[in-house]
Amino acid sequence: MSPKLPISDVWIARRLQRNNSRGFIWLQNVSKHRSVEIGIFVIVVILFFIVLMVLLVRGRSPAVVSNPSNDLTTSSQKDTNLRMVSRYEWVAQPPIKKTTTLQTPVPYVIIHHTATEFCTSQAQCVFHVRQIQTFHIESRGWFDIAYNFLVGGDGAAYEGRGWTGEGAHTLYWNKNSIGIAFVGTFLTTAPPEIQILACQKLIDLGVKLGYIQQNYTLLGARQLFATESPGLALFEIIKKWDHWHSL
């Protein structure tokens, strides 16, 4: 049988027990608070790095990528208010071999349609332009996309072989013309005004830069070989343009 403690010792023991219990509870509360604080700190750090990465990505990937083609980056381009999408921007394949250089300024501008689906955004147009290039290289056996330029339903002009590269769009006429293709099929439906204006601005730009003669002749592909291009609906529109000529 254990000896009984004096009353004073019992009181001290109980007091110590209470203090220890309170200390333990206090430590638990502190631990909980610290866990919450650490959790909040971790979340803040994660959010900080997310915001930082977004800012860095935006800084490195501007909405309009600078065009590496010397014949596209000019002050005259700004005057036309035409958005040009370079080969670099639409991630073109490199040509199979070097394209023959055009003798500029050329006397003819020939209008085509791509006979593909229509596009209304840059993402859609880039998709179609890349598909067209792949088809021309792998199925047609050409060195590159056939057209000098393409115009999309997003109102932008897409660089094909450019101002100085001889195209493969119209047999016997490639050496002295710029071929421009409307992305889409326009047999019965006309292209939207934004796409028509993009083509007109592109031609005006070519004249200003000295790649197209001022007194150039505008033709539809169907006037030069057996094809429906640029589609009857589009052809009826370009026939009303100042430089169109019947053959």
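A: We start with a charged pair: D144 forms a salt bridge with R87, and their closest N and O atoms are 2.8 Å apart. D144 sits in the loop between α3 and β3, and R87 in the loop between β1 and β2 (106-113), so the pair ties together parts that are 57 residues apart in sequence. Keep in mind that this is a predicted model.

Q: Are D144 and R87 buried or exposed?

A: Both D144 and R87 are buried.

Q: How many salt bridges does the structure hold?

A: The structure holds four salt bridges. One of them joins the side chains of D154 and R83, at 3.6 Å from N to O. D154 lies in the loop between β3 and β4 while R83 belongs to strand β1 (residues 83-85), so this pair ties together parts that are 71 residues apart in sequence. The relative accessible area of D154 is 10%, so D154 counts as buried. For R83 the value is 33%, which means partly exposed.

Q: Which residue forms a salt bridge with K239?

A: K239 forms a salt bridge with E236, with the closest N and O atoms 3.6 Å apart. K239 is partly exposed, at a relative accessible area of 33%. E236 is also partly exposed, at 36%.

Q: Now the sheet. What holds strands together in general?

A: Strands of a sheet pair through backbone hydrogen bonds, in either a parallel or an antiparallel way. In this structure, six strands form an open sheet in the order β1-β4-β3-β5-β2-β6, and the pairing is mixed. β1 and β6 (212-220) are the edge strands, as each pairs on one side only. Neighbouring strands of the sheet are turned by 25° against each other on average, ignoring direction.

Q: Which strands run parallel, joined by six bridges?

A: β2 and strand β5 (residues 177-182) run parallel and are joined by six bridges. As one example of a bridge, H112 has A181 in β5 as its partner.

Q: In what sense do β1 and β4 pair, and in what sense do β3 and β4 pair?

A: β1 pairs with β4 in the parallel sense, over three bridges. β3 pairs with β4 in the antiparallel sense, also over three bridges. Y158 of β4 can be followed in both pairings: Y158 is the bridge partner of V85, and L150 stands opposite Y158.

Q: What lies between the strands in the hairpin of β3 and β4?

A: Four residues lie between the two strands of that hairpin, and G155 takes a positive phi near 85°.

Q: Let us turn to helices. Why can residues some places apart in a helix point the same way?

A: An α-helix has 3.6 residues a turn, so residues three or four places apart point the same way. Take α3 as the case here. C125, V126, H128, V129, I132, Q133, H136 and I137 are its buried residues. They cover an arc of only 165° around the axis, which puts them on the same side of α3. The face turned away from that buried side carries the exposed residues A123 and E138.

Q: What do the buried residues of α3 pack against?

A: They pack against β3 (149-151) and β4 (156-159).

Q: What should the 17 residues of helix α3 span?

A: At 1.5 Å a residue, helix α3 (residues 122-138) should span 24 Å, and its end C-alpha atoms are 24 Å apart, which agrees. Helix α4 (residues 193-209) can be checked by the same rule: its 17 residues should span 24 Å, and the distance between its end C-alpha atoms is 24 Å, so the two values agree.

Q: Which residues of α4 are buried?

A: In α4 the buried residues are Q195, I196, A198, C199, L202, I203, L205 and G206.

Q: Which residue follows α4, and what is its phi?

A: G210 follows α4, and its phi is positive, near 85°.

Methods
Residues are numbered from 1 along each chain as its sequence is written. This is a predicted model: local features need pLDDT of at least 70, side-chain atom pairs count only at pLDDT 80 or more; totals for chains, interfaces and linings use all residues. Side-chain values use heavy atoms; hydrogens and water are left out. The expected span of a helix is 1.5 Å times one less than its number of residues. Buried means under 20% relative accessible area, exposed over 50%, partly exposed in between (1.4 Å probe, protein chains only). The arc is that of the directions from the helix axis to the C-beta atoms. Contact means heavy atoms within 4.5 Å. Two strands pair if DSSP finds at least two bridges between them. Axes are lines fitted to C-alpha atoms, for helices over the stretch in contact, and angles run from 0 to 180 degrees between N-to-C directions.
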